[in-house]
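Colleague: I would like to learn how to read the packing and the charged pairs in a model. Could we take it feature by feature?

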Amino acid sequence: MRFFDRFFRWLKRPQIYALVGGNGTGKSFRARMVAQRYGIDLIIDDGLVIKGDKILAGHSAKREKTFLAAVKTAVFDDKQHRDEAAKVLHQLSRKKVLILGTSDKMVNKIATRLQIPPPQKIIRIEDIATREEIETAIRSRRVEGKHVIPVPSVEVKRNYPQIFYDKIRLLFRNAHIGRLKEEETLFEKSVVRPEFSKVYAAQVSDTALKEMVIQYAAQYDSAVHIKKITVQAESNGYRVIMMVDMPVGPDLAGRILALKDFIIKNIERYSGIFIEDFNIVLNKMIDVQTEN
C-alpha cells in the first residue's frame with residue numbers, strides 16, 4: 001500500500017523544464033516554441049504563470065518601477081506572490097512546466113519557492129538560437145528597452161495596459177517524424193516597455209548598481225569594508241570604482257581579483273547589466289581578529 005502511495009505521488013509530480021540564458025537574449029521570445037516542441041503546458045516567466053494564451057497567476061516583473069524590484073518579482077521573493085503561483089501549480093500538478101531564468105541557480109530558486117521539483121532538463125538559449133539572433137536581441141534590449149511577454153496582446157492590454165508597446169506574430173513550423181506534413185502554429189507575443197527600462201541608465205547608475213555591488217561583495221567576504229563606490233555610465237556598459245578595506249592575509253592581489261570577478265560575474269548574470277570596467281582601490285588592510 002505504501003508503495004502505491006509513493007507511486008501515485010510520483011505520477012502526480014509535474015515534469016519541470018528550464019530555459020536558461022542571459023537577460024535580453026530572447027528567452028521569452030522563444031518560450032512558446034520550446035513549450036510546443038516539448039509538449040509543455042505551463043510557462044513561468046518573470047513572475048507570471050502562463051498557460052497557452054492566458055495568465056493564470058502572479059504579476060509581471062515588467063510592471064515594476066525599479067530594476068531591483070523587477071528582479072525580486074521574477075524570483076517570487078514576496079510570499080503572497082509565490083503562494084498564489086504555487087497554489088495554481090499545485091492544482092495543475094500533472095502538467096509539464098517550463099521555467100525561464102538567467103541561470104541554473106535562478107531557475108532552481110524559483111522551483112524551490114514554488115514548491116515544485118527542480119528542472120529535469122535545462123535548455124540553453126544557445127541551443128535554440130544562433131549567435132547572431134542572440135546578439136540582435138541583446139542590442140534591442142539595450143538600445144530600445146524592449147521586452148517580450150509570451151502571451152497575446154489582448155491579454156497584456158487587459159492586465160498591463162500601461163507598459164504595452166506592440167505585438168509580434170510568429171509562424172512556427174514543427175516537423176514530426178513519421179508525418180508527411182509539418183505542423184504550423186501561429187503564436188502571438190506582446191512587446192512591452194517596462195517602467196524601469198525607461199529610466200534604466202539613471203536608476204542603475206545612482207542606486208541599483210551600487211546596491212548590487214554592496215550585496216555581492218558581502219556575499220563573497222563579509223569582512224570586506226566598502227568605503228566608497230563610484231559609478232559612471234558608458235556607451236557600452238558601466239565603469240565602477242570601489243574603494244575598500246581588506247582583511248590582512250596572504251595573496252592580496254589574488255583576493256582582490258577574485259572579489260572583482262565574483263561581483264562582475266553575478267551582476268552580469270542576474271541583471272543583464274554590462275560592466276565595461278571595474279577597479280578595486282585598496283584603502284587599508286584591517287586585522288579582523290583585532291576588530292572582533
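Colleague: Which residues touch the most other members of the largest nonpolar core?

Modeller: A nonpolar core is a set of buried Ala, Val, Leu, Ile, Met, Phe, Trp, Tyr and Cys residues joined through side-chain atoms within 4.5 Å. Buried means under 20% relative accessible area, exposed over 50%, and partly exposed in between, with a 1.4 Å probe and protein chains only. Here the largest such core has 23 residues, and I44, L89, I99, I110, L114 and I116 touch the most other members. Two or more residues come from each of β1 (15-20), β2 (42-45), α3 (67-74), α4 (79-91), β5 (96-101) and α5. With four residues, α5 gives the most to this core.

Colleague: What kind of model is this, and how are residues numbered?

Modeller: It is a predicted model, in which local features need pLDDT of at least 70 and side-chain atom pairs count only at pLDDT 80 or more, while totals for chains, interfaces and linings use all residues. Residues are numbered from 1 along each chain as its sequence is written, and side-chain values use heavy atoms, with hydrogens and water left out. Helices (H or I, at least four residues) and strands (E, at least two) are DSSP runs numbered from the N terminus; the protein has twelve of each.

Colleague: What is I44 in contact with, beyond its neighbours within four places in sequence?

Modeller: Contact means heavy atoms within 4.5 Å. On that basis I44 is in contact with V49, F76, L89, V97, L98, I99, L100, I110, L114 and I116. Apart from this core lies another, of 22 residues, including A208, A217, I267 and I275.

Colleague: How should I read the buried residues of a helix?

Modeller: An α-helix has 3.6 residues a turn, so residues three or four places apart point the same way. In α5 (residues 104-113), the buried residues include M106, V107, I110 and A111. They cover an arc of only 135° around the axis, which puts them on the same side of α5; the arc is that of the directions from the helix axis to the C-beta atoms. After α5 comes Q115, with a positive phi near 60°.

Colleague: How many salt bridges are there?

Modeller: Side chains of opposite charge can pair when their charged atoms come close. The rule for a salt bridge is a side-chain nitrogen of Lys or Arg within 4 Å of a carboxyl oxygen of Asp or Glu. By this rule there are eight. One of them joins E133 and R30, with the closest N and O atoms 3.2 Å apart. E133 lies in helix α7 (residues 131-144) and R30 in helix α2 (residues 27-38), so the pair ties together parts that are 103 residues apart in sequence.

Colleague: Are the two partners buried or exposed?

Modeller: R30 counts as buried at 10% relative accessibility, whereas E133 is partly exposed at 36%. Another bridge joins R32 and D53, at 3.3 Å from N to O. R32 lies in helix α2 and D53 in the loop between β3 (48-51) and β4 (54-58), so parts 21 residues apart in sequence are tied together. R32 is buried at 11%, and D53 is partly exposed at 40%.

Colleague: Which strands hold K227 and D245?

Modeller: These two form a salt bridge, K227 to D245, with the closest N and O atoms 3.8 Å apart. K227 lies in strand β10 (residues 225-234) and D245 in strand β11 (residues 237-247), so the pair ties together parts that are 18 residues apart in sequence. D245 is buried, with a relative accessible area of 3%.
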